[in-house]
Amino acid sequence: MRAQVITFGCQMNEYDTHSIQSELAGIGYSFVDDYHEADLVIVNTCAVRGKPVDKAQTLLGELRKEKQRRRGLTIGLIGCLAQLPEGQRIGKKFGVDIMLGPGAVTQIVPAIQRGRFQSFEFDNELKFYTPPAPTGALTAHLIIMRGCNHRCTYCVVPSTRGPEVSRPAQDIINEARALKEAGVVEVTLLGQNVNSYGLEPGTGARRARLEGFPSFAELLRMVGRVGIPRVRFLTSHPINFDDEIIEAIADTPAVCRFVHLPVQSGSDRMLKRMAREYNSEYYMSRIRRIRQLLPDATISTDLIAGFPGETEDDFNETLELYREARYDAAYMFVYSEREGTPAAVHFEDLPRRVKVERLTRLVNLSKEVSHEQNQRWVGQRVEVLIKGPSDEQGFCQGHSRGNHVAVVEGDLEPGIHQVVVTHATANRLYARPA
Ligand code: SAM
Ligand code: SF4
């Protein structure tokens, strides 16, 4: 029996794909890279923006044709899109056999055994689920919590992934130990908002701790002691990014000094419309504190250009905040209207050309700022995790503790190396072995 699991979207989906592959391997499946050779094709989807939804639809169209040729082919649609009414319409249209939401991925084996099956429940068992450690991998993801309690008006995640559930700390530590044993040298702790780990239901800055759970800052220190040389985490919500976390990063040598802190907009009017729960002054106070306690930290963000109602003045405030925060990197998106979200129901989408023109200005600014920020590293010794050969001849490639793409002269073995940065562009550090 041969299967292909095709993944769209974020690291959470990659982690779920890894769990599904382990479950399938357990019942005798091997894996192929071409759906023409597969008996089972599972499409693990993303629904955060329109583009990944379009990609999934194109693929499902091809799979439907393949199924008309080969009756024995089973098609599964799983992940965020499967959870939404939009995805369920798409599943029906393309004759999908199995549909599982992100809270039901561990039901994959019974689903295959039944042939036609769907589940959109949030399986409580998932919080105890530990996938087997990967073999031969240097980097790994480790889920510490699932779901999101926030209600950002543009976002489908609370509907697709359900409310926040934290995994027991001991399970996380056991998984981290297994990853270390398997030879992993960099682990990324994952969650929609990792820094609400172990907090009572609700939102806001003042949430009480769940009984028996450490805080996220304590968890960072605990994972830092496991002995994996690099520990990262993604993503943090600014409202819960407290000083305790910044201090834990500063005190724990294994934790990389890299913070991804999505701001979305620099305009207080837009932040309010987005229901982000903070204003620009509060957000910048977090950035200043990070820069103060971790002067060598790299900071990245997410931004949305052209949110409904955004004026030129609002957008200029975003550009101003960007300059002030001096981000090392950013993920920038045009606003994408998503069915059923409060923004889609209550606000009017801006013309596409306005959104794209603003995104272009933002991207140009980000290149300028990243280029300046990256010059700080020229002449410095940095640690790089080499993954393999670079697309540039005569170089190998990896990433620094600060998450810069690093291109290094020669062909160093995969693993951790010390290098000296010789020059830098907006998106790469060039280096030679130290
Ligand atoms: N939980 C994280 C947070 O709050 O920052 C991020 C999760 S979300 C999957 C990743 C990013 O996608 C968001 O930070 C936002 O910038 C972007 N995003 C989410 N919904 C979007 C939409 N409807 N249109 C454009 N970008 C969107
Ligand atoms: Fe979406 Fe907001 Fe939750 Fe992030 S915090 S996943 S943007 S609702």
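## Close-up views of a predicted model

**Figure 1. Helices α12 and α14 side by side.** The axes of helix α12 (residues 312-325) and helix α14 (residues 352-375) cross at roughly 15 degrees and come within 10 Å of each other. The two helices are therefore roughly parallel, since angles under 35 degrees count as such. The crossing of α12 and α14 is right-handed. On the α12 side, the contact is made by E312, F315, N316, T318, L319, Y322 and R323. Facing them from α14 are R358, R361, L362, L365, S366 and V369. Please keep in mind, here and in every view below, that this is a predicted model.

**Figure 2. A closer look at F315.** F315 has its place in helix α12, and it is one of the residues through which α12 meets α14. Is F315 buried or exposed? With 1% relative accessibility, F315 counts as buried, because the cut-off for buried is under 20%. Leaving out residues up to four places away in sequence, F315 touches E310, R358, R361 and L362. For a sense of scale, look for L190: it is 125 residues from F315 along the chain, and the C-alpha atoms of the two are separated by 30 Å.

**Figure 3. Helix α11 packs against α12.** The axes of α11 and α12 are 11 Å apart and meet at an angle of about 15 degrees. That angle makes α11 roughly parallel to α12. As α11 passes α12, the crossing is right-handed. From α11, the contact is made by S280, Y283, M284, I287, R288 and R291. The partners in α12 are L321, E324 and A325.

**Figure 4. Helix α11 also meets α9.** Here helix α9 (residues 243-251) and helix α11 (residues 280-293) have axes that come within 10 Å and cross at roughly 25 degrees. This makes α9 roughly parallel to α11. The crossing of α9 and α11 is right-handed. Which residues make the contact between α9 and α11? From α9 they are D243, I246, E247 and A250, and from α11 they are R286, R289, I290 and L293.

**Figure 5. Aromatic rings in pairs.** A search of the whole structure finds eight aromatic pairs. One of them joins Y197 and F213, whose ring centres are 5.9 Å apart, with 65 degrees between the planes, an edge-to-face arrangement. Y197 and F213 are 16 residues apart, and both are in the loop between β10 (186-190) and α8 (216-224). Y197 is buried, with a relative accessible area of 0%. In the pair of Y278 and Y283, the ring centres are 6.0 Å apart and the planes lie at 35 degrees, so this pair is tilted. Y278 counts as buried at 7% relative accessibility, and Y283 counts as buried at 0%.

**Figure 6. An aromatic cluster, and arginines over rings.** Y154, F307, Y335 and F347 form one aromatic cluster. F347 from this cluster also has a charged neighbour: R273 lies over its face, at 4.0 Å from the ring centre.

**Figure 7. V421 in strand β18.** V421 is found in strand β18 (residues 415-424). Its relative accessible area is 3%, so V421 is buried. What is V421 in contact with, leaving aside its neighbours within four places in sequence? The residues are W377, V378, G379, Q380, V382, L429, Y430 and A431. V32, by contrast, is 389 residues from V421 in sequence and 39 Å from it in space, C-alpha to C-alpha.

**Figure 8. E175 in helix α7.** E175 lies in helix α7 (residues 169-181). E175 is buried, with a relative accessible area of 4%. Setting aside neighbours within four places in sequence, E175 is in contact with Y15, T130, P131, H141, L142 and R167. One of these contacts, L142, is 33 residues from E175 in sequence and 7.6 Å from it in space, C-alpha to C-alpha.

Methods: Residues are numbered from 1 along each chain as its sequence is written. Chains are lettered from A and ligands numbered from 1 in the order in which they are written. This is a predicted model: local features need pLDDT of at least 70, side-chain atom pairs count only at pLDDT 80 or more; totals for chains, interfaces and linings use all residues. Side-chain values use heavy atoms; hydrogens and water are left out. Rings of Phe, Tyr and Trp (its six-membered ring) pair if their centres lie within 6.5 Å; planes under 30 degrees apart count as stacked, over 60 as edge-to-face and the rest as tilted. Helices (H or I, at least four residues) and strands (E, at least two) are DSSP runs, numbered from the N terminus. Buried means under 20% relative accessible area, exposed over 50%, partly exposed in between (1.4 Å probe, protein chains only). A charge sits over a ring if NZ of Lys or CZ of Arg is within 6 Å of the ring centre and within 35 degrees of the ring normal. Axes are lines fitted to C-alpha atoms, for helices over the stretch in contact, and angles run from 0 to 180 degrees between N-to-C directions. Angles under 35 degrees count as roughly parallel, over 145 as roughly antiparallel, 65 to 115 as roughly perpendicular and the rest as oblique. A crossing is left-handed if the near helix is turned anticlockwise from the far one by less than a right angle, and right-handed if clockwise. Contact means heavy atoms within 4.5 Å.
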